[in-house]
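Dear colleague,

Please find the structure below, together with the sequence. My findings follow it, and I would be grateful if you would read them with the coordinates open.

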Amino acid sequence: MNQIFCSLFCFAMLISCGEKIITEDKTNQNTMIGNDRDPHGCIGSAGYTWSVVKNKCIRIFEEGTPFFSYNQRSGAIDSTQVAYVVLSDDLSKAEVFFGNADKPVVMDSLAVKEGETMPFLFENKAELLALKYYKDKYLLLYKDEIRYIQTYKEDEGLAALLKHR
């Protein structure tokens, strides 16, 4: 009698496990990869996000230029924390994508006066964000403190994007 009871118990366990596997397979079949469009039609799983200044879906790591986190007290640069700057086609706006922020910040271009040693290039006063050039470096400032930095290279990064300004 015990043998029959054990056999029935094992059989019932196998059937319940089998149903669960079938249910999970059906769930996975209904989920399509790349079926995660945002309100603008950008596919996040493919690396696309909406850019206000480009007015299209972009991959920030392809269209933008990286700025690396900078600790103003120690002078240390952290290449694992990156903000990307994307410029509008007419160079009148810069959009900053922070890795930990929900939405990017758009800054307006500023006129640079000839001979200025620390020119501000872009600024958003409401968000307290600015981008300026100083001593062969581009500095991304929040509340007048350097938060991200990019070394100037003539044919790379922001310098290459601003060449036609």
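In which strand is N124 found? N124 is found in strand β7, where strands (E, at least two residues) are DSSP runs numbered from the N terminus, as are helices (H or I, at least four residues).

Before the details, a note on the basis of the values. This is a predicted model, in which local features need pLDDT of at least 70 and side-chain atom pairs count only at pLDDT 80 or more, while totals for chains, interfaces and linings use all residues. Residues are numbered from 1 along each chain as its sequence is written, and side-chain values use heavy atoms, with hydrogens and water left out.

The barrel

Eight strands form a closed barrel in the order β3-β4-β5-β6-β7-β8-β9-β10, with antiparallel pairing; two strands pair if DSSP finds at least two bridges between them. Neighbouring strands of this sheet are turned by 30° against each other on average, with direction ignored. The axes are lines fitted to C-alpha atoms, and angles run from 0 to 180 degrees between N-to-C directions.

Strand β7 (residues 120–124) runs antiparallel to β8 (residues 129–134), and four bridges join the two. Here N124 stands opposite L129. The two strands form a hairpin with four residues between them, and L128 in the turn has a positive phi of about 60°.

From β8 the pairing continues to β9 through six bridges, again antiparallel. Y134 faces K137 of β9 as its opposite residue. This hairpin has two residues between its strands, and K135 takes a positive phi near 50°.

Strand β9 (residues 137–142) is in turn joined to β10 (residues 145–151) by six antiparallel bridges. Within this pair, L139 has I149 as its bridge partner.

N124 is buried, with a relative accessible area of 16%; buried means under 20%, exposed over 50%, and partly exposed in between, with a 1.4 Å probe and protein chains only. A polar atom of the N124 side chain lies 3.1 Å from the backbone nitrogen of A126. Not counting residues up to four places away in sequence, N124 touches V105, V106, M107 and L129, contact meaning heavy atoms within 4.5 Å.

Q150, in strand β10, is also buried, at 8% relative accessible area. Its side chain makes a polar contact of 2.7 Å with the side chain of T65. A polar contact is a pair of N or O atoms within 3.5 Å; within protein, one must be able to donate a hydrogen and the other to accept it, and residues adjacent in sequence count only if both atoms are side-chain atoms. The Q150 side chain also reaches the backbone nitrogen of L158 at 2.9 Å. Leaving aside neighbours within four places in sequence, the contacts of Q150 include P66, F67, K137, Y138 and G157.

The disulfide

A search of the whole structure finds one disulfide, a term that denotes a pair of cysteine sulfur atoms within 2.5 Å. The disulfide joins C42 to C57, with an S to S distance of 2.1 Å. Because C42 lies in the loop between α1 (2–30) and β1 (49–51) and C57 in strand β2 (residues 56–58), the pair ties together parts that are 15 residues apart in sequence. The torsion about the S-S bond is about -90°, so the disulfide is left-handed. C42 is buried, at 1% relative accessible area, whereas C57 is partly exposed, at 24%.

With kind regards
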